[in-house]
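Visitor: I have the model open and would like to go through its side-chain contacts and secondary structure. Can we start with the charged residues?

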Amino acid sequence: MLNNRASEIALRKIKSLYPLCELSDEHHPHFIRAARLTRLEAGTQIAADTSAEHLTFLIDGDLSIVSSKGEMERLTGGKPRASFPLFKLHSPELFARSNAPSLLLQFDRQQYEAIKTDKAASDSNRQAAIVLSSDGAEYNLLQELLEKYASGKLKLPSLPDVAFKIHRAIDDESVGAREIAQIVITDPTLSAKLIQVANSPAYRGNVRITTVQDAITRLGLKTAQSLTLSLSIEKLFNTSSGIFKKSMQEIYSHSLLVGCLSYVIAKQTGRLNPERALLAGLLHDLGKIVILTNCHKSQLSRSDGVQLETLMGQFRGVAGNIILSSMEFEHDMITVAEEAESWWRDSGEALDYCDVVIIAQLHSFIGTPMLQRVPHMDTLPAFKKLNLGEFDPKHGLQLLRDANNVVQNLRQMLS
């Protein structure tokens with residue numbers, strides 16, 4: 001049984017672990033009580049067949065899965081593969097060896113299976129795990145995606161080369177505005193957009209900016225990084241598949257509105273960087289495009305939109321972890337992709353970007369049927385951290401108006 005601190009870790013992690021992410025919130029506390037946290041010293045070995053009764057996950061550290069043929073698969077805590085169980089098979093020859101001190105979290109497999117088969121509980125609570133349809137379309141597609149990921153064949157959208165180089169370079173303390181400018185000027189369109197932003201009312205100074213280096217100096221390196229990435233995100237939502245083109249456009253429009261709402265909320269609180277909040281909102285649904293990008297050849301592409309929404313709702317977090325990790329994004333942005341729809345998420349006293357994006361999403365539902373399907377905003381931990389008091393519809397509508405102004409400005413920069 002876990003102690004209080006370990007239980008908090010398990011409760012926070014369970015929503016990003018497959019297939020546990022399918023469980024409803026009401027099942028989490030009971031499920032976690034039976035969980036086990038195991039610390040391994042370097043060199044410790046665990047046989048797969050001895051852990052068949054558990055769903056075992058690597059929470060922290062470094063492991064190698066070794067087969068009977070001597071084939072090895074390396075796992076690192078926090079990486080996408082760690083979101084899936086340690087062992088896919090439980091043959092006697094298969095084992096895991098810790099390459100460094102590591103931390104394992106084990107859940108009772110039998111208890112999980114019992115919960116999954118409890119359709120009555122699923123039907124009685126909208127937050128319960130969605131039962132896969134009888135034709136197995138979502139399940140088959142999930143298996144297809146996991147097999148592609150395991151074999152390295154999963155198709156992942158990538159950032160434009162310039163944006164990726166800037167993303168990596170700014171994290172290097174030896175790099176300054178001059179070096180970043182040299183990267184940016186290789187893309188004339190991006191250069192023009194960055195200069196345009198630096199001269200916009202939000203950042204405009206006494207002197208008009210005419211060079212990329214001056215634009216970056218005025219904006220600051222971190223702001224320039226966030227804005228450069230934000231200006232590049234739209235390209236990730238392009239698809240050659242006519243089947244999913246409309247879905248891609250809808251996801252991007254929603255992400256753009258949530259990003260701009262996040263910007264406005266962060267600016268009002270004064271406690272988080274608005275440009276990074278904008279980026280967080282733009283990234284929060286990126287997992288959905290991994291699913292769309294990889295399912296155009298599957299039977300789901302011939303099914304109705306309900307199945308597609310079901311799949312994206314269930315696995316957007318895991319897929320978001322995969323794509324943002326592949327792009328080397330920081331942990332706070334990966335957390336947003338994983339937990340932005342965990343309405344009751346409570347990460348502690350400190351406000352973070354995921355909190356802002358959760359509240360931004362709820363504001364984006366104002367005036368739509370979706371608002372009736374989510375919890376009341378001012379009951380949520382994330383809302384309370386913003387110190388906005390009781391939810392005021394007038395204030396919510398003003399946030400939407402402010403965000404739509406940001407949307408218009410951003411669309412002008414993107415065009």
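**Charged pairs, rings and strands**

Visitor: Is Lys385 buried or exposed?

Guide: Lys385 counts as buried, at 9% relative accessibility. Buried means under 20% relative accessible area and exposed over 50%, with partly exposed in between (1.4 Å probe, protein chains only).

Visitor: What am I looking at, and what goes into the numbers?

Guide: This is a predicted model, in which local features need pLDDT of at least 70 and side-chain atom pairs count only at pLDDT 80 or more, while totals for chains, interfaces and linings use all residues. Residues are numbered from 1 along each chain as its sequence is written, and side-chain values use heavy atoms, with hydrogens and water left out.

Visitor: OK. Which side chain meets Lys385 in a salt bridge?

Guide: That of Asp355, at 3.0 Å from N to O. Asp355 lies in helix α16 and Lys385 in helix α17 (residues 381-385), so the pair ties together parts that are 30 residues apart in sequence. A salt bridge here is a side-chain nitrogen of Lys or Arg within 4 Å of a carboxyl oxygen of Asp or Glu. Helices (H or I, at least four residues) and strands (E, at least two) are DSSP runs, numbered from the N terminus.

Visitor: What does Arg345 do with Asp355?

Guide: Their side chains form a salt bridge as well, with 3.1 Å from N to O. Arg345 sits in the loop between α15 (331-339) and α16 (353-364), and Asp355 in helix α16, ten residues away. Both ends are buried: Arg345 has 7% relative accessibility, and Asp355 has 0%.

Visitor: Which residues are linked in that network of salt bridges?

Guide: Glu339, Arg345, Asp352, Asp355 and Lys385.

Visitor: How many salt bridges in the whole structure?

Guide: Eleven. One of them joins Asp62 and Arg74, whose closest N and O atoms are 2.6 Å apart. Asp62 belongs to strand β4 (residues 62-66) and Arg74 to strand β5 (residues 72-76), so this pair ties together parts twelve residues apart in sequence.

Visitor: And is Arg74 buried or exposed?

Guide: Arg74 counts as exposed, at 56% relative accessibility. Asp62, by contrast, counts as buried at 14%.

Visitor: Switching to rings. How many aromatic pairs are there?

Guide: Three. The rule takes rings of Phe, Tyr and Trp (its six-membered ring) with centres within 6.5 Å; planes under 30 degrees apart are stacked, over 60 edge-to-face, and the rest tilted. Phe57 and Phe107 make an edge-to-face pair, 6.1 Å centre to centre with 70° between the planes. Phe57 is in strand β3 (residues 54-60) and Phe107 in strand β7 (residues 102-108), so the pair ties together parts 50 residues apart in sequence. Phe57 is buried, with a relative accessible area of 0%, and Phe107 is buried at 0% too.

Visitor: What about Phe237 and Tyr252?

Guide: Their ring centres are 5.2 Å apart and the planes stand at 55°, so the pair is tilted. Phe237 lies in the loop between α10 and α11 (245-269) and Tyr252 in helix α11, so the pair ties together parts 15 residues apart in sequence. Phe237 is buried at 5% relative accessibility, and Tyr252 is buried at 5%.

Visitor: Back to the strands. In what order do the three strands of the open sheet come?

Guide: The order is β1-β7-β3, with antiparallel pairing. β1 (36-40) and β3 are at the edges with a single partner strand each, so one side of each has no neighbour in the sheet. Two strands pair if DSSP finds at least two bridges between them. β1 and β7 have five bridges, and Thr38 has Leu104 in β7 as its bridge partner.

Visitor: Last one. Which residues of helix α9 are buried?

Guide: In α9 (residues 212-219) they are Val212, Ala215, Ile216 and Leu219. They cover an arc of only 95° around the axis, which puts them on the same side of α9. The arc is that of the directions from the helix axis to the C-beta atoms. The buried residues of α9 pack against α7 (177-184), α8 (188-198) and α10 (221-232), where contact means heavy atoms within 4.5 Å. Just after α9, Gly220 takes a positive phi of about 90°.
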